[in-house]
2 protein chains.
Amino acid sequence: MSRSNNHVVLTLRQKILSGELAAGTRLAEIPTAENLGVSRTPVRIAFRALEQEGLLTKLPRRGYEVRTVSTSEIEGAVEVRGVLEGLAARQAAERGLTEHQRQMLQSLLDQGDALVLNGTTVTEAALEQYQQINKQFHDIIIEAAQNPAIQAALSRSEHLPFASASALAFDPNNMAHESKRFAFAHQQHHHVFYAIIQGLGTRAEGIMREHANATFGFIHGPRNEHNLTIINGSENP
Amino acid sequence: MSRSNNHVVLTLRQKILSGELAAGTRLAEIPTAENLGVSRTPVRIAFRALEQEGLLTKLPRRGYEVRTVSTSEIEGAVEVRGVLEGLAARQAAERGLTEHQRQMLQSLLDQGDALVLNGTTVTEAALEQYQQINKQFHDIIIEAAQNPAIQAALSRSEHLPFASASALAFDPNNMAHESKRFAFAHQQHHHVFYAIIQGLGTRAEGIMREHANATFGFIHGPRNEHNLTIINGSENP
DNA sequence: ATTCTAATTATTGGATCCATTATGCAGTTT
DNA sequence: AAACTGCATAATGGATCCAATAATTAGAAT
């Protein structure tokens, strides 16, 4: 029931994110329906859902096409993720973590460190693994924030980073190099969030300032030690 | 075409937000379709769209119901709006405003001040007018940010504040009293955002700190003069 | 009287059918 | 030869039809 419910949506989304349906591909109802072996009705519903997710754009009388995401769009989505996850970290700090959540975060940090710091080369498998860890880390923070509006706000653009990943995958060499730097900065970002949640309790204003530093350090350049020092200093006053 | 395209969505959304369809009301496809004089197909599509917007929730085998939004959910949505609009203000500052946008913001600030500062009592008409001004103000900031991801993130919960307004409308006396305080704080909030965009240019970190103050002043309590002083001081260094 | 089972009804999901409309191609005219 | 007009085709949006399924009610049995 719920499997066949959104089966078409899941299939199409997977095809788009995997790159099997390249950006710019035109999609009409009838061929798509025939291709998937279903009728037009679920395809129409799926097209509208994927349009709302930002994965498809509607062409006036010519169906839909797989949306071309520019790098600036991806950067915009990343910044949105940044502030929303910063908010989530603050609210998680205010509301407190369950012991299980705290242990999970700590474990994920360790796993991430092992991946980032150990290998000198970045294998595709390691990247895949890091993506998993990253997603789990942020999911826990967002869950701990207990604010459904954050999840709702992310739902629209949560797939864009993955679309970007498949877009960047065209140049594997550059990818491996960049991703190493990215993964390191990102791991630092994780530590900052964790420090915020663990150390600062409900001191909301201070948290927000650290979050500002953390976010900007992450987005606008590589992390610097200064910010980490501030965070750690606040963590153990 | 595009009018009859999402006609059902528009109608249902309006009925929900106006309170004509109260929270908790169950909606089935067939009665709704008959009620609106259309077939089940557009109703089904509309139900799914409104579910994605967070206005309806799906009941397993019993149709949909108008979502009951708790006050904590509304507060969560307001906080999300807060950080996203803060991000928008920063990006608007970085990218700069067009002259027309700047004039519009200034005009809206003046109009808002006139509404908020003049009357001692808050009439329903004035509130309506203030809502309009408020929406225009934020729309311009978001437009100036030139980041589609912000709009996308807001699209899911942008109607919740209005839902809250109709929810709060049950007690008009309390409403009028509270809304006066709210409108004042909110107008201050506007001034802060405007100061950020006008005065701080691309000094992102400073902006973010002021934004933190602005946001927390707005959300967690009445605005205080101290924050405004900081902002104004930064505006004219 | 209460509980369990069976049947009916209500309700959604998918498929097909019809109408409307825009686009594209071809033919004709200037 | 180029441009305009008309016709045909394709494609979406809406309506109706069919199937699957869960929930509710009624009846029977303990």
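In this predicted model, Glu53(A) is buried, with a relative accessible area of 8% (buried means under 20% relative accessible area, exposed over 50%, and partly exposed in between, with a 1.4 Å probe and protein chains only). Glu53(A) sits in the loop between helix 4 and strand 2 (56-58) of chain A; helices (H or I, at least four residues) and strands (E, at least two) are DSSP runs, numbered from the N terminus. The side chain of Glu53(A) forms a polar contact of 2.5 Å with that of Arg13(A). A polar contact is a pair of N or O atoms within 3.5 Å; within protein, one atom must be able to donate a hydrogen and the other to accept it, and residues adjacent in sequence count only if both atoms are side-chain atoms.

Residues are numbered from 1 along each chain as its sequence is written, while chains are lettered from A and ligands numbered from 1 in the order in which they are written. Local features need pLDDT of at least 70 and side-chain atom pairs count only at pLDDT 80 or more, whereas totals for chains, interfaces and linings use all residues; side-chain values use heavy atoms, with hydrogens and water left out.

DNA strand C is surrounded by 18 residues, the closest being Ser39(A), Thr41(A), Arg44(B), Arg48(B) and Lys58(B); a residue is near a strand if one of its heavy atoms lies within 4 Å of it. Of the atoms of DNA strand C within 4 Å of the protein, 47% are in sugar and phosphate.

Phosphate oxygens of DNA strand D lie 2.6 Å from a polar backbone atom of Ser39(B), 3.4 Å from one of Glu29(A), and 3.2 Å from a side-chain N or O atom of Arg62(B). The surface near DNA strand D comprises 4 nonpolar, 5 polar and 9 charged residues (Ala, Val, Leu, Ile, Met, Phe, Trp, Tyr, Cys and Pro count as nonpolar, Asp, Glu, Lys and Arg as charged, and the others, Gly among them, as polar).
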